[in-house]
Each structure stands twice: as structure tokens, then as C-alpha cells.
Amino acid sequence: MIVKPKEAVLDPQGNAVRDAMRHLGMPEVSSVRIGKFMEIDVDGADADLEKRLHDLCRDLLSNPVIEDYELQKSDVRSQKSAGEKSKSKRKSAK
């Protein structure tokens, strides 16, 4: 899940990073937006899973007044360690 400030909301942290990048020799940088990335592993796939994920993103993981969120679905399997079985990573598409 990706959470970032709405376009109409000022992003002082992004502006500070933009100014620092310009100061460090990147005058071409015109804008920086700072957000959050969350990777959520979900076991199971019941019929209303996607709706419940959207509800959690809206009600818990983002502030809908000032932030937008985007869910991305991925069916990538990853190996944690030799002794641990692999998990399916699931995220919903918006």
C-alpha cells in the first residue's frame, strides 16, 4: 500500500528534501512528495477481502482528509529462510 499527501495538501517534508537536493547539486528537481509504503501479507482469499482491505486503509492506515492511498495486488511468492515455508503476498488493486 502506498500512502501520500493529496495533491492539494502542502508537503513540508517533501519541500525540505527538494531544497536539500537542489543545494546538493540537483537544481533540476522541481518537486518531491514524501509518503509511506506498507507491505501487507494476507493469508486467505474470501469474497470480501478486497473491500475489507480498502476499509482498513481508509479507516486505519491513512488519513482520508489529507492523504490518498493506493493498493497494489501482487501474487509474488518469497522464500523467508530455508526452514520457513514461502508465503503468497497479496495486495488489492484500487
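I take a salt bridge to be a side-chain nitrogen of Lys or Arg within 4 Å of a carboxyl oxygen of Asp or Glu.

I am working on a predicted model, where local features need pLDDT of at least 70, side-chain atom pairs count only at pLDDT 80 or more, and totals for chains, interfaces and linings use all residues. Residues are numbered from 1 along each chain as its sequence is written, and side-chain values use heavy atoms, without hydrogens and water.

**Salt bridges.** I looked up the total and found eight salt bridges. One network links Lys51, Asp55, Arg58 and Asp59. Within it I checked Arg58 and Asp59, whose side chains meet at 2.9 Å, N to O.

I then looked up accessibility (buried is under 20% relative accessible area, exposed over 50%, partly exposed in between; 1.4 Å probe, protein chains only). Arg58 is partly exposed at 36%. Asp59 is exposed at 56%.

Next I took Arg18 and Asp19, with their closest N and O atoms 3.0 Å apart in a salt bridge. Arg18 is buried at 18%, while Asp19 is partly exposed at 40%.

**Strands.** I used DSSP runs of E, at least two residues, numbered from the N terminus. Two strands pair if DSSP finds at least two bridges between them.

S1 covers residues 2–5 and pairs with S2, residues 36–37, over two antiparallel bridges. Val3 has Lys36 as its bridge partner there. S1 also pairs with S3, residues 67–70, over four antiparallel bridges. Here Ile2 is partnered by Glu70.

I noted the order S2-S1-S3 in an open, antiparallel sheet. S2 and S3 each have a single partner strand at the edges, so one side of each lacks a neighbour in the sheet.
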